Amino acid sequence: MKILMITALLATSTAFAESKSSTLNTIKERKVLKCGVSSGLAGFSAPNSKGKWQGFDVDICRAIAAAVFGDPDKVQYTALSAQQRFVALQSGEIDVLSRNSTFTLTRDTSLGLNFAPVVYYDGQGFMVRKKDGVSKIADLNGASICTQQGTTTELNLADYFRTNNLKFKPVVFESNDEVHQSFVKGRCDAVTTDISGLAAQKSKLKNPDDYIILSEIISKEPLAPAVRHGDDVWFDVVKYSIYALMTAEEFGITSDNVDKFLKTKNPKIKRFLGITKGNGKALGLDEKWAYNIIKMVGNYHEIFERNVGKQSPLKLERGINALWKNGGLHYSPPFK
Amino acid sequence: MKAKIRWAKDNLFKGYFNSALSIFLITFFAWAFYNFFNWLVIDSVLLGDADACRQASGACLAFIVDKTRFIFFGFYPETEIWRPIIAIFIFFIITFYSRLKSRWNRRLLYNWMYCGLVIWLLMRGGYFGLVKVETHNWGGLPLTLMLAVVGMIFSYPIGIFLALGRQSKLPLIKYLCVAYIELIRGVPLISMLFMSSVMMPLFLPEGYSPDKLMRAQVAIIMFISAYMAEVVRGGLQAIPRGQYEAADAMGLTYWQKMRLVILPQALKIVIPPTVNTAIGMFKDTSLVIIIALFDLMYTTKASMQDSNWLGFSVEAYLFVALIYFVFCNMISRMGRLFEKEFR
Amino acid sequence: MRFWNDRKNRAIIYQLLSLIAVMALGLFFYSNTKANLEKQNIATGFHFFNRVAGFEISESLIEYNSEDSYLRALKVGVLNTLKVSIIGNILAVILGVFIGVCRLSKNWPLAKLAQGYIETIRNIPLLLQLFFWYALFTEILPGVRQALNPMPGVYLSNRGVMLPSLEYNPVFFYMGVSVIFTIILGYFLKRYAKKVQDQSGKQFPHVLYTVLVLLFLPLLIWLVGGMPLEFNLPKLQGFNFSGGVSISPEFISLLLGLVLYTSAFIAEIVRSGIQSVKKGQEEAAKALGLKSYLVLTLVILPQALRVIIPPLTSQLLNLTKNSSLAVAIAYPDFVNIANTTMNQTGQAIELISLIILVYLSFSLLTSLFMNWFNKKMALVER
């Protein structure tokens, strides 16, 4: 009897291992999208006082949920540390990782991931105390610098200081909060992470004017959502959900005026909003998927301004995150 | 009065050295207590905001008052706080009820199961018009208690089986148990937690991996069972040989012998170390902070990050230390009670 | 008799079944892992050892910079773990024995103080204590520019403790040699003293002589060598101190937390060990006219040690394992660096296995040493 059970167990295990159920179908059956986010980074993903998740990365999750279900609230958020994020994705604990993660070759190739389009072009910078009189990175020679463990930041920091023959003392913490607390308490002279992250932390400080973010940037940090390697159908859904945000901005479609565009004569917009059918079927989604995203979450401009731009405490400029038409880097392929 | 003077003579002022030491220590106590009392009561700020706290020289109790709800219950929805409060209350009542040996019977076991079910339903909701609260929104004290209590309930029997396996005459079973126990005892809990958070998902078929909380719970159970096994083994070895032989002579089977003769005696002997292991486990649940679970420790740390209240970590740490102290003390008191009950 | 009723047959079947169950479970995990890894295109193996680590480490016992390999970074971690555990274990034993003896003192306030200390420390999670000491260190001490300067050359700030270091001089080498020589001399003196006592019953004060030589020989060499004494004083330069020796707040907090926590447990072990020695032993020793420190060192402690050593071993191991909590307060111990490596390379399975392996070997080495010590101390029964 026992042997029978064991063989059964073995058989099912191999069956599990071999069955390649598509992620999209699993999500549709489950009726909820599992999205991995940062455990707390103001403007990108942080629970508000009512315990509801908000931010730029969160809105990306909401956009994908809107595309799949027509309901942006059907998302279950999992807060992940820097260490846990890729494993959570690999193991199927989450369907998509939207956690300000930098797109790099090593991660793309050896971690079993595929990176979706870049949603935020960032760069690594430094925040220092104003009274220390630091105006450029070279002034930080010999300083103690706080940073977070397991990030590209840690590597860039070492590389940059080494190339420029500068010395520093790293103080490396596991959690992002700890990094900033230690900086504020004076354990470090500077703190380094992506400029957006620095702006987020600065906005939370009691006396933000006592601190400055240096204008120099030492790295390229293209932040992109990621999905598991090997399921191209799902990859496409995530990819085009993000492109839809940019395309909508390009057409000038916002959550407020999207209903007016339903009567448009422009064939490109008709195809985009699903009035001319085809795109939805190709992706395995409802034809109104793009309409749902824009109506329920907004276009890229709205997401940016609401969470990290002028209307937010972070007050970040669009800069290179503008559309290609306005001198930025965001460029969506046509929705043909 | 005379007796008191004599006591003082014997215990405080025996010889020059002792007298000097006593006077020094008593002055030191008085001084430390005076300062602490000033800090905690006289100069402290109970009501007010962070600025009032910064001006005062004493403790910032206002910070604790402001954060108490979050420290105790984490992200549990504010309007539903009564549910974990009642759940903890039920847990205390059933624990208090089971303190007497005379009440230890099958009924009690059922009562525990009912209470467990009620607590689970109350916390999770989704039925009877209660709002559903997913486990990843549980936090603070209920989470810490759950990790510890569930950990104990599972690791105790597993520990007994491992200990029996280690004493077994069948070499293969013996060595499997020895390997497990020694392997687990040789590594820090933190590595087990990392394993649960990073490695365990890869061990299971894709998409079948349980959530983070469950995996941490499994790691804690795996870890504590090995220690429990060693505690039980101590008891098994302390039983005189005659007991084993007498049970064999009666013609009892192995399981009858263990269940009726050996284990009741052995488990009684090891009550003190069992209690110590339980206390150790209660303290060790605080390590789940490293894999980002919002237990009592994490909620405390998270409250310190509030930019309005920066710089009052000493108050917060002392507060949460007090909570842990009270609970550990309760466990050890209960242990002493059991010891008396079983004597 | 049926096959099933034979005890031997049954034993074989039980064992076979459990073996199959364990193997099946192993196979189940293995096949899943393999499938998961292959499907997701995750690299495996220890090839990453030789790749460039790329991150800096704040404190290291060996030369290390960000261009060294992961293997070297991990070695730095192992050494840092060893550093904090060895120093921590020594201090914890000293403090623990002291508190344990205080706990049994006939002086009431002292005994109560020791008891209060033990009860408090034992009932609060170690991690909380570490956080507390770290917070205390970084919040209460001033910034680096306003560093406290309790005595010349010593600075206290939230960047750690800066101490002056001695400038190296060849004379120090000879002083070191003389210390080793004295220790060897002390060993022979001890043997000689035993021989004298066995033969004549007289006591030869070998300890006194050894200590005297230990004090004066290096001093003599130092005087002859021209009294070299040049300190390298820490100086505030830009952001941090340079020169001298600096001890980081992370190391101090970790060491303090581990030592205080473990010493409370050791104190309890010492107390029960001493109490396990029968009162008659002490009374008999006193009746023989032994002085009270001789009663303690020659009669009580050797007997108590036999009870103390096994649980003490597990406390020493606990301290070593607990040093892995360093990851919470940014001390670069082995787990911390393995963690960073895991994040950079994604090789979770390899690195967690490595953590387990390293701690297992620490445990094994400590057990071996303590077993040897235990055997030496064990009662030689006739």
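Predicted model: local features only at pLDDT ≥ 70, side-chain atom pairs only at ≥ 80, totals over all residues.
Residues are numbered from 1 along each chain as its sequence is written, with chains lettered from A and ligands numbered from 1 in the order in which they are written.

Helices here are DSSP runs of H or I, at least four residues, and strands are runs of E, at least two, numbered from the N terminus. The axes of α4(B), residues 61-73, and α14(B), residues 296-304, come within 7 Å and cross at roughly 145 degrees; axes are lines fitted to C-alpha atoms, for helices over the stretch in contact, with angles from 0 to 180 degrees between N-to-C directions.

Now, chains C and B: 42 residues of chain C contact 42 of chain B, where contact means C-beta atoms, placed from the backbone, within 7 Å. On the chain C side, α1(C) gives the largest share, eleven residues.

Last, the sheet. In chain C, four strands form an open sheet in the order β1-β2-β3-β8, with antiparallel pairing; strands pair if DSSP finds at least two bridges between them. β1 (148-151) and β8 (245-247) of chain C are at the edges with a single partner strand each, so one side of each has no neighbour in the sheet. From one strand to the next, the twist averages 20 degrees.

Definitions and conventions. Contact = placed C-beta atoms within 7 Å.
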